[in-house]
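This report goes through one predicted protein model, from a single side-chain pair to the chain as a whole. The sequence and structure come first.

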Amino acid sequence: MSFDQLMPIFLSSKMSKESPRLPFRFTGGFAMSSKDEGVLMVGQGVYSMFAQAVLFPLLARRFGCLNIFKLTVIIWPLLYFLVPYTVLLPPRYQTFGICFCLFWRTTAQALSYPPNNIMLTNSAPSMLVLGAINGVAGSTASLCRAFGPTITGLVHSRGVNIGVSGLAWWITGLVCIVGALESLFMEEPKVESCITDLIDEEAIDDHAMINPLSINAAIVAATRPGPTGTDGLSKGPKDPLHPSDEHTA
């Protein structure tokens, strides 16, 4: 969320005429027009569809969701530390630097969001509580979408005022490092356990759908002897050892 907010501001900011004082004190952007930003966003969206539809399934089958997720979140913080320095590139390399950062971010997003959702579903102790887990996760994500851009916007404004335009980027990178360290302790649930839980829950659902009285009635109807009566049930052949009452009479 922070990247989506900071990047358009960074691209449209005016170029700085002040000499940078490395490593942190520099300001300015690329003074890019809204039309040029729109072209970049369109290209980013097209590549995002390709990455999620083609690239992610191939890598997931080859390396697994958890390994892809860990690799992505570990290298993601580096992007936030590097983006502000693209403004210091020579003019002929700046466009390449912008496109490279957008390509990196889109690839990381395509390779981290789907595994996150898949592992969230697999981590549910029971399918009966999956709805509650997804609800809490969706609410938390919405909370981050609400407060994330607000906080990073305030930090960015403060950074520009003190001559450090990359302040919001670097603080966001530190937050990403915390998430990357946390991912190192993640484990995938055992497949056997998931299958066993699913079978048990399906058995519970089947048992709840079957009416015992209906089963007993069906058994009685199928095993009742005698010819076809007024009740419309088909009866089996007569037993010669036990003649009917009319023959006895």
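The side chains of R105 and D4 form a salt bridge, with 2.6 Å from N to O; the term stands for a side-chain nitrogen of Lys or Arg within 4 Å of a carboxyl oxygen of Asp or Glu. R105 belongs to helix 4 (residues 91-122) and D4 to helix 1 (residues 2-12), so the pair joins distant parts of the chain, 101 residues apart. R105 is buried at 5% relative accessibility, while D4 is partly exposed at 38%. Buried means under 20% relative accessible area, exposed over 50%, and partly exposed in between, with a 1.4 Å probe and protein chains only. The structure holds one salt bridge.

This is a predicted model, in which local features need pLDDT of at least 70, side-chain atom pairs count only at pLDDT 80 or more, and totals for chains, interfaces and linings use all residues. Residues are numbered from 1 along each chain as its sequence is written, and side-chain values use heavy atoms, with hydrogens and water left out.

The chain has nine helices and zero strands. Both are DSSP runs numbered from the N terminus: helices are H or I with at least four residues, strands E with at least two. Of its 249 residues, 30% are buried. A contact means heavy atoms within 4.5 Å. Among contacts between residues at least 6 apart in sequence, 69% join residues at least 24 apart.

The loop between helix 1 and helix 2 (34-63) contains P23 and A31. A cis peptide bond joins L22 and P23, with omega at about 15°. A31 is not a glycine, yet its phi is positive, at about 50°. L88 lies in another loop, between helix 3 (65-82) and helix 4. Leaving aside residues up to four places away in sequence, L88 touches P20, L22 and F26. L88 and T27 are 61 residues apart in sequence, and their C-alpha atoms are 9.6 Å apart.

| Residue | Relative accessible area | Class |
|---|---|---|
| R105 | 5% | buried |
| D4 | 38% | partly exposed |
| L88 | 32% | partly exposed |
| A31 | 45% | partly exposed |

The largest pocket holds about 1,500 Å³ of space. Of its 36 lining residues, M1, W76, Y113, N116 and C144 are the closest to its centre. Helix 1, helix 3, helix 4, helix 5 (130-161) and helix 6 (167-183) each give two or more residues to the lining. Helix 6 gives the most, with 10 residues. A pocket here is an open set of points on a 1 Å grid over the protein atoms alone where a 1.4 Å probe fits, with protein on both sides within 12 Å along at least five of seven lines; lining residues have an atom within 4 Å of a point. The volume is the space filled by probe spheres set on the points, which are joined across faces, edges and corners.

Confidence is given as pLDDT, from 0 to 100 for each residue. The chain averages 81, and 76% of the residues score at least 70. Over residues 228-249 the pLDDT is below 50, and the stretch has 17 contacts beyond near neighbours in sequence. Residues 204-208 also stay under 50, with zero contacts beyond four places in sequence.

Conventions: pLDDT is the predictor's confidence in each residue, from 0 to 100.
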